[in-house]
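Visitor: Hello! I would like to learn about the pockets of this protein; could you show it to me?

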Amino acid sequence: MSSPVVTRFAPSPTGYLHIGGARTALFNWLYARGRGGKFLLRIEDTDRERSTPEATEAILKGLTWLGLDWDGEVVSQFDRKDRHAEVAREMLKRGSAYKCFCTQEEIEAFREAARADGRSTLFQSPWRDADPSTFPDMPFVIRLKAPREGQTVIADRVQGDVTFGNDQLDDMVCLRADGTPTYMLAVVVDDHDMGVTHVIRGDDHLTNAARQTQIYKAMDWPVPVWAHIPLIHGPDGKKLSKRHGAVGLHDYQAMGYPASAMRNYLCRLGWSHGDDEFFTDDQARDWFDLNGIGRSPSRLDFKKLENISGQHIAASADAALLPEIEAFLAASGQPALTEAQRTLMSRGLYCLKDRAKTFGQLIEKAHFVLQSRPIAPDEAAAKVLDTVSRGILKELTPQLRNASWEREELETAVARVAEAHGLGLGKLAAPLRAALAGRTATPSIFDMMLVLGREETLARLMDAAA
RNA sequence: GGCCCGUUCGUCUAUCGGUUAGGACACCAGGUUUUCAACCUGGGAAGAGGGGUUCGACUCCCCUACGGGCUGCCA
C-alpha cells in the first residue's frame, strides 16, 4: 500500500498571486485531489523585509477565487523558525553541518577576486574542518557540510534524472548569523514535517532540489518525489513579467474569466491529456498526472483562454452563473445588480450565456435587462427608429397585447405585421431591437420579449413609438 | 564564466523508430442567420541548424544556435 499523497503550495508573500504560481497551485491541488490526498498551503514568509500580510491575504483570496481549497491551517514558515534552528543544531551534532565564522565581507571579496580571475565563485569555507578549540568569539552561520565528491541526482518526474556534480554545489548556509533559517533549510524541514510526498513547483527550483536533497540526506529523511514544471512565458516568449500586462490572478477575474475556465486553461497549459481541450473539474482530477506535463515553457494565449472561457460560460448552469457575475462586477469595480436587475438577469441568462466569452461581454449583451425605461437609444438605434418604423411598431403593439406570451405566437404576430407591410422579418426586427434594447446588437428579439415580459415589452415599444 | 533544462504549425499541444506529422485556438475564404455571438464547410500553416546511430528518425546520441534557470546569510 502506497502512502497517501501530500502536496503543497508554498508561495512567498511579496505581492499578488502570480498567474504562474496559480498554475503551480492548481497542479498540486489536482494531483492531490485526484488521488484522495492532501493539499497543504504554506506561506514562505521568512524574508521579513519583503513579506507583507496584505500579500498573504491576496494569495489566499486568489486561491479561493480559483476554487483551490487547502487542507488544514495555513502554515507560516516564519512561525516555525525555532524548529528550523533545532534541525540546524541537530545537523551540527551529527557532523553534517559546521559553524562558519566568515564574514559576508570576506566572502564577497573572495567572490569578486574569483570572478576577476575567471575561477569558480563557489565559496569553500576554511571552517569546514576547523578544530573547535580555534573557534573565535564571533557570530557564525551554520553551513551544510556538503559532499565534495560524487554527484547528486534528482529523479524528477518531469525533467527525468538530472545529475549535478557535487563539486558544483557549495556548503550552503542553513542558519543565518542572526539565528534565522535560510529558505533552503526551511523548505526541507517544513516539507518533511508536513509530510509532503510530492513537491510540484516551478523549474526555477531545479538546482535547489539538488541542494535540498543534500539536506534530506544529512538528516536521513526520505526525499520527496520531485516534479519541476516549466515556467509560463509571455506571448513574446520572454519570461512573464509585469510589462506583459496581466500577471496577477486577480487581473483575470477582473477581465471576466470564470474560475472554471481559468482552471481548464491553466491546467492545459503545459499539460495535456491527448487532444482534450475543454474539460470539467472532475475530468481534470481524473486525468491529471505528472506524466502529462511537458518539458518546455509555454506562452499565454489570450485568444485561447477567451475561447475556453466562452465554452465554460455557455456550459454553466444559470444558477451558478449569477453569483459569479456579481463577483465579477465587484472585482472589476462595477455597480452591483439591483434586485430587479438580478431577477431579469437570471431569467435572461439562457439566451445570454452562449453569446459571451467573458463576463464583461455578457454584461454588455445583457444591456437590455440592465436598462430601465425610458430606454435611451444609441446613435445607430436612433437611426433605425425612423418615422416609418415607429408607425409599424405602433401597429404591432395592440397585436402583441392580446398575444399569449409564448415564443410561437410572438413570432406569428411579428411576422404577420411584417408581411402586411411587405417587409422581411429582418426589416421589422431592427426597430424592435432598437426599441427594446436601445442597441442594434442584442439577443434575439423574441428572447428579449420573453425575458422582459408583456408589460415591460409593450411599455418599451410604446415609448419608442411615441 | 561554470552547472543544469528546454526547442513540432503564429499559439497550446498529439506522436513515445515506420503516420499523407493529428487536434484545438487564431487566421483566411465560403455558407447559414432578425443584429451580435454562435454554427457549418473548406484552406494555408510545423519537427531550430548540422552531424551521426539505424533498413528506417520529430522520436536515440553528439555539436552549434537560440531561449530559460541556478550560481545569495532572497524565496
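Predicted model: local features only at pLDDT ≥ 70, side-chain atom pairs only at ≥ 80, totals over all residues.

Visitor: Which element gives the largest share of the lining of the largest pocket?
Guide: The largest pocket is lined by 36 residues. Strand S1 (6–9), helix H1 (19–33), helix H5 (183–193) and strand S9 (198–202) each give two or more residues to this lining. The largest share, five residues, comes from H1.

Visitor: How many residues of the lining of the largest pocket are charged?
Guide: Let's go through the classes. The lining of the largest pocket has 14 nonpolar and 13 polar residues. The charged residues there number nine.

Visitor: Which element gives the most to the lining of the second largest pocket?
Guide: This pocket holds about 340 Å³ of space, and Cys102, Gln104, Ile107, Val141 and Val173 lie nearest its centre. Helix H4 (104–117) and strand S5 (141–144) are the elements that give two or more residues to its lining. With four residues, the one that gives the most is H4.

Visitor: How many residues of the lining of the second largest pocket are nonpolar?
Guide: The second largest pocket is lined by 17 residues. Three of them are polar and four are charged. The nonpolar residues number ten.

Key:
Residues numbered from 1 in each chain as written. Chains lettered and ligands numbered in written order. Heavy atoms only, no water. 1 Å grid on protein atoms, 1.4 Å probe; cavity = no way out; pocket = protein on both sides within 12 Å on 5 of 7 lines; lining within 4 Å. Nonpolar A, V, L, I, M, F, W, Y, C, P; charged D, E, K, R; others polar. Points joined across faces, edges and corners; volume = space filled by probe spheres on them.
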